[in-house]
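Welcome, and thank you for opening the viewer. Shall we walk through the side chains together, one selection at a time?

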Amino acid sequence: MTHKMLRLPRVIELTGLSRSSIYLRMNNNDFPHSISLGDRAVAWLEYDIEQWIEEKILLAKSDQGKG
């Protein structure tokens, strides 16, 4: 199985979140955690980010149906 790693600029682009929002949500366990690639480099699994986005879409759609 292959895993694609996404660096922070790409995660920001995909999610529309700022850097600080991403790290705040990670601390609140509301965003996938990053993986250390070395001393000063981290990345996220593309699959984890895609799943998080899908969850947010489904949640938004289910909330629209309640109104």
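Start by selecting Y23. At 25% relative accessibility, Y23 counts as partly exposed (buried means under 20% relative accessible area, exposed over 50%, and partly exposed in between, with a 1.4 Å probe and protein chains only). Before going further, please note that this is a predicted model, where local features need pLDDT of at least 70, side-chain atom pairs count only at pLDDT 80 or more, and totals for chains, interfaces and linings use all residues. Residues are numbered from 1 along each chain as its sequence is written, and side-chain values use heavy atoms, with hydrogens and water left out.

W44 is buried, with a relative accessible area of 0%. The structure holds 2 aromatic pairs (rings of Phe, Tyr and Trp, the last by its six-membered ring, pair if their centres lie within 6.5 Å; planes under 30 degrees apart count as stacked, over 60 as edge-to-face and the rest as tilted). One of them is Y23 with W44, an edge-to-face pair at 6.2 Å centre to centre, with 65 degrees between the planes. Y23 lies in helix α2 (residues 19-27) and W44 in strand β3 (residues 42-45), so this pair ties together parts that are 21 residues apart in sequence. (Helices, H or I with at least four residues, and strands, E with at least two, are DSSP runs numbered from the N terminus.)

Next, select F31 and W52. Why is this pair edge-to-face? The ring centres of F31 and W52 are 4.8 Å apart and their planes meet at 65 degrees, so the pair falls in that class. F31 lies in the loop between α2 and β2 (35-36), while W52 lies in helix α3 (residues 46-65), so here too the pair ties together parts that are 21 residues apart in sequence. Both F31 and W52 are buried.

Which residues make up the largest nonpolar core? It has 10 residues: L6, L8, V11, L17, I22, M26, F31, W44, I49 and W52 (a nonpolar core is a set of buried Ala, Val, Leu, Ile, Met, Phe, Trp, Tyr and Cys residues joined through side-chain atoms within 4.5 Å). Helices α1, α2 and α3 each supply at least two residues of this core. In soluble globular proteins, nonpolar side chains tend to be buried together.

Click on I49 for a closer look. Leaving aside neighbours within four places in sequence, I49 is in contact (heavy atoms within 4.5 Å) with L6, V11, L14, T15, F31, P32 and W44.

Time for the charged side chains. There are 3 salt bridges (a side-chain nitrogen of Lys or Arg within 4 Å of a carboxyl oxygen of Asp or Glu). Select R10 and E13, whose closest N and O atoms are 2.9 Å apart. These two are 3 residues apart in helix α1 (residues 8-15), separated by about one helical turn. R10 is partly exposed at 37% relative accessibility, whereas E13 is exposed, at 59%.

For the last stop, select R25, D30 and K56, which are linked in a network of salt bridges. R25 meets D30 at 3.3 Å, N to O, and D30 meets K56 at 3.4 Å. D30 lies in the loop between α2 and β2 and K56 in helix α3, so their bridge ties together parts that are 26 residues apart in sequence. R25 is partly exposed at 27% relative accessibility, as are D30 at 30% and K56 at 30%.
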